[in-house]
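Look at the sequence and the structure below.

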Amino acid sequence: MEVTGFFTAIIIGLIIGALGRLVVPGKQNIPIWLTLLIGVVAAILGTLVAGALGVDDTRGIDWIELAIQVVFAAIGVAVAAGAYGRRRIH
């Protein structure tokens, strides 16, 4: 991954986190900063996976890479929401 790809993944990751949260059904009781962090990590992982599969640089919009990133974000949001749901504040 090039440096520009890394920074692009971070910027796109902010949007990916929100999309991942929208994909997961129900209410997620996690802070927005965690959603954004999950989105950044999902964008980076999605870019790496898309590169490994050879679909990271296509003509036009990289829809497959975007779909992979959103799937990673949705999984991350679901896991985080489950972990936050089990925490109890006393």
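The expected span of a helix is 1.5 Å times one less than its number of residues. Helices (H or I, at least four residues) and strands (E, at least two) are DSSP runs, numbered from the N terminus. This is a predicted model, in which local features need pLDDT of at least 70, side-chain atom pairs count only at pLDDT 80 or more, and totals for chains, interfaces and linings use all residues. Residues are numbered from 1 along each chain as its sequence is written, and side-chain values use heavy atoms, with hydrogens and water left out.

**Confidence**
- The protein chain has a mean pLDDT (the predictor's confidence in each residue, from 0 to 100) of 82, and 88% of its residues reach 70 or more.
- Confidence is lowest in helix α1 (residues 3-23), with a mean of 79, and highest in helix α2 (residues 32-53), with 88.

**Helix α2**
- The 22 residues of α2 should span 32 Å at 1.5 Å a residue, and this agrees with the 31 Å between its end C-alpha atoms.

**Phe 72**
- Phe 72 lies in helix α3 (residues 63-86).
- Phe 72 counts as partly exposed because its relative accessibility is 30%.
- Contact means heavy atoms within 4.5 Å; not counting residues up to four places away in sequence, Phe 72 touches Ala 42, Leu 45, Gly 46 and Val 49.
- From Phe 72 to Leu 45 there are 27 residues in sequence and 7.5 Å in space, C-alpha to C-alpha.

Technical notes: Buried means under 20% relative accessible area, exposed over 50%, partly exposed in between (1.4 Å probe, protein chains only).
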